[in-house]
Amino acid sequence: MIISQGGEKRVLQSAGLQVDLAVIGGGVSGTCAAITAAREGLKVVLVQDRPVLGGNASSEVRLWMLGATSHMGNNNRWAREGGVVDELMVENVYRNPEGNPLIFDMVLLDKVVAEPNITLLLNTAVYDVEKSSADEISSLKAFCSQNSTEYIITAPLFCDASGDGIVAFLAGAAFRMGAESKEEFGELFAPTKEYGELLGHSLYFYSKDTGKPVKFVAPSYALDDITKVPRFRNFNAKEYGCKLWWLEYGGRLDTVHDTEKIKWELWKVAYGAWNYIKNSGNFPEAENLTLEWIGTIPGKRESRRFEGEYMIKQQDVVQQHLHDDAVAFGGWSIDLHPADGVFSEKPGCNQWHGKGIYQIPYRSLYSRNIKNLFLAGRIISATHVAFGSTRVMATAAHAAQAVAMAAKICKDRKILPADVYHQGFITELQTALLRTGHHIPNVVLDDPEDLVGTAVVTASSELLLDELPEAGLLKPLEFSIAQMIPLKKGKCGTFSFHAESEEATELEVQFRVSEKSTNHTPEIILDKIILPVNAGRNELRLQFDVEMKDEAYAFVTFMKNPKIKLHFSNKRVTGILSVFNSINKAVSNFGKQTPPADIGVDEFEFWCPKRRPEGQNVAFKYEPGIDAFQASNITNGIDRPAAATNAWVADWNDENPTITIDWKETKTIKRIEILFDTDYDHPMESVLMGHPEHVMPFCVRDYVIKDGEGKVIFSKTDNYQTRNIIELDQPVNTKSLAISLVHPSADVPAALFSVRCY
């Protein structure tokens with residue numbers, strides 16, 4: 001029993017924490033940073049002011065996590081982010097293909113608590129900063145509302161991934177809020193005052209069919225006249241969750257200090273919208289629907305942006321500028337919204353895409369004036385225009401992983417964040433990131449510690465793709481369709497396709513490539529052939545008069561003609577895709593991007609895949625065969641398709657696909673890392689969308705590793721992850737390793753991107 005007479009002022013219970021890295025903010029960015037740092041051996045505290053992890057991706061907000069893949073609605077092929085954020089997305093699809101936001105909460109929490117180096121503080125808000133000097137943080141004060149405890153967190157390094165930048169703000173880090181003028185950075189897409197300088201918040205609701213009539217009595221604060229919302233006709237009984245992303249407000253207010261005011265306005269609109277759906281009489285299909293959930297905190301898009309040594313700008317995104325300190329990438333459109341949000345007469349968003357992914361430099365990931373402060377999440381150093389792209393969660397999380405790896409270098413070398421760049425450790429940082437499956441465009445892994453780099457690599461077979469056979473599947477050319485083909489430098493061979501038509505007509509077939517070999521926007525037409533197509537079945541033999549200047553993807557492009565049907569194949573191969581010049585309104589893709597001439601973005605066509613179970617390849621034959629799947633690809637330092645497939649793929653008929661690694665001398669191996677194909681082109685939206693399978697069809701499920709004596713040292717069944725890390729119980733001394741794979745299915749041959757040994 002505790003009895004207190006009271007009378008004197010009391011103090012809170014206090015707890016001290018001393019760590020290597022303090023990560024503030026448990027959204028996807030902070031979570032990925034904490035996991036990355038912990039796996040590198042750093043003691044980490046992850047401070048989250050909410051009861052769950054995930055931020056805008058959590059069950060409290062329920063926005064899907066996305067990045068460069070953009071709902072498969074742009075030309076960024078194989079662009080899903082790598083490393084820990086990829087691991088989380090793959091794990092979520094495996095456990096949660098239905099997109100249940102509560103399960104995604106569980107996935108994030110499960111990954112964090114599995115790391116013994118992470119101390120997780122939920123429901124804990126930072127409210128004060130102590131500094132050892134004008135430009136250095138020494139400790140933080142935070143309060144947990146659930147256990148009434150004050151935490152004093154001391155660390156040499158801090159990472160602010162809090163969204164509003166609470167630590168950076170309190171510490172005096174330079175920041176911006178609002179939009180830059182066109183003149184400051186030469187950004188032609190900089191918004192006008194009329195359009196507004198800040199993106200607002202959004203708040204969603206979910207509905208549920210109860211199987212019987214349900215009435216709804218609106219609360220007193222619900223918007224009583226839904227026509228005050230210019231787009232009120234967009235409300236319907238079918239769309240819910242983050243498909244209501246346009247239910248947005250607050251861009252004219254202070255998006256930090258007015259958040260509660262903004263939330264109330266969004267509640268008014270959301271409840272008013274539901275009242276309209278249930279009680280207007282315009283939606284009889286809503287009779288059995290009930291309001292299952294409505295957000296209690298809004299999803300915030302924009303507030304403060306903090307200044308690093310470099311500010312990413314529009315030109316970096318559109319022109320794909322290269323940076324010597326590139327550590328991550330983005331690829332979402334430049335996506336700006338009118339500040340008046342749902343009350344604006346303007347479209348809910350203004351998206352302009354780039355032709356490919358762009359690099360994110362390390363110099364944008366730490367404060368320019370607080371020397372031990374990293375920046376992560378949406379607060380990184382970018383202009384308002386560039387922020388329109390860098391702000392999305394998977395992109396932000398990918399960059400946060402680079403921050404965590406840089407913290408490891410800072411600890412080991414006893415240096416500060418800026419020193420990683422200025423003292424010449426960027427290559428070390430890039431190498432450490434690439435080892436984890438983290439992708440950096442135009443940067444190739446050269447890992448001196450990888451024993452496979454000194455080995456001879458051979459395979460039981462290498463696919464020479466001379467045919468994707470027909471499957472009795474015909475699709476009309478309602479849209480123009482292109483088959484992506486990875487070709488080597490040199491003269492193009494001969495293609496054969498089959499088409500059917502009910503009447504005589506003509507078909508135009510173009511041979512296209514991208515201006516940049518690492519892009520997948522087929523804007524350059526090298527040749528075109530117009531063929532007569534007769535009624536019935538037609539064999540189309542195509543010999544294009546072209547010579548590939550570099551190894552790259554070619555697009556054999558069948559121009560729209562609804563009278564013609566092409567034969568498709570059920571066979572799928574790593575690095576092979578068909579793409580369609582179709583429309584995806586969800587990301588402002590109307591088949592072609594035609595911007596005004598004065599906003600500084602490019603005009604080009606969209607060529608995008610279809611989601612499975614659609615998305616089959618066009619059936620074809622190719623002489624002399626596509627030779628793009630050699631065993632040597634596993635050591636080329638690129639772990640996904642880019643200008644080439646970058647994968648070893650076994651022959652269809654190989655009954656025991658095996659990659660063999662031979663050394664001249666005996667090697668001691670403690671750790672083996674293998675990267676499989678989990679389809680980097682699939683966006684893996686974390687909630688709401690749902691996915692057609694829980695394991696990607698290209699992923700090798702079962703494999704066995706043997707040493708030079710034929711002894712099994714490791715075996716795996718039911719794999720579904722991209723990166724497999726094998727820590728051997730006892731080091732193996734051997735001159736050889738053999739990794740035998742099982743084909744994922746009869747229609748998909750076994751493939752892998754890399755094997756590394758340490």
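User: What is a cavity here?

Analyst: A cavity is a set of grid points where a 1.4 Å probe fits but cannot get out. This model is predicted.

User: How many cavities of 30 Å³ or more does the structure hold?

Analyst: The count is 4.

User: Which residues lie nearest the centre of the largest cavity?

Analyst: They are R572, L577, K610, R612 and D679, out of a lining of 15 residues. By class, 7 of the lining residues are charged, 5 nonpolar and 3 polar.

User: What volume does the second largest cavity have, and what lines it?

Analyst: Its volume is about 60 Å³. The lining includes W78, the run V573, T574, G575, I576 and L577, and also D677, D679 and F753.

User: Now pockets. How does a pocket differ from a cavity?

Analyst: A pocket is an open set of points, whereas the probe cannot get out of a cavity. Take the second largest pocket, with about 950 Å³ of space. Its lining has 38 residues, and E40, T436, R671, E673 and R723 lie nearest the centre.

User: Which helices and strands each supply at least two residues of that lining?

Analyst: The helices are helix 1 (28-39), helix 2 (84-95), helix 9 (393-413) and helix 11 (426-435). The strands are strand 39 (658-675), strand 41 (712-716) and strand 42 (723-741). By class, the lining has 16 charged, 12 nonpolar and 10 polar residues.

User: Let us turn to charge pairs. What is the general idea?

Analyst: Side chains of opposite charge can pair when their charged atoms come close. The cut-off is 4 Å between a Lys or Arg side-chain nitrogen and an Asp or Glu carboxyl oxygen. By this rule the structure has 49 salt bridges.

User: How far apart in the chain are D164 and R378?

Analyst: They are 214 residues apart, so the pair links distant parts of the chain. D164 is in the loop between strand 8 (157-160) and helix 4 (166-171). R378 is in the loop between strand 20 (373-375) and helix 8 (384-390). The closest N and O atoms of this salt bridge are 3.3 Å apart.

User: Are D164 and R378 buried or exposed?

Analyst: Buried means under 20% relative accessible area. D164 is at 16%, so it counts as buried. R378 is at 15%, so R378 counts as buried as well.

User: What does a pair within one helix look like?

Analyst: Take K263 and E260, which form a salt bridge at 2.9 Å, N to O. They are 3 residues apart in helix 6 (residues 259-279), so about one helical turn separates them. K263 is buried at 8% relative accessibility. E260 is partly exposed at 48%.

User: And D718 with R701?

Analyst: Their side chains meet in a salt bridge at 3.9 Å, N to O. D718 sits in the loop between strand 41 and strand 42, and R701 in the loop between strand 39 and strand 40 (703-707). D718 is partly exposed at 48%. R701 is partly exposed at 22%.

User: Which residues do salt bridges with shared partners join into one network?

Analyst: R39, E87, E91, R95, D110, K111 and E115.

Methods. Residues numbered from 1 in each chain as written. Predicted model: local features only at pLDDT ≥ 70, side-chain atom pairs only at ≥ 80, totals over all residues. Heavy atoms only, no water. 1 Å grid on protein atoms, 1.4 Å probe; cavity = no way out; pocket = protein on both sides within 12 Å on 5 of 7 lines; lining within 4 Å. Points joined across faces, edges and corners; volume = space filled by probe spheres on them. Helix = DSSP H or I, 4+ residues; strand = E, 2+ residues; numbered from the N terminus. Nonpolar A, V, L, I, M, F, W, Y, C, P; charged D, E, K, R; others polar. Buried < 20%, exposed > 50% of the residue type's maximum accessible area, 1.4 Å probe, protein only.
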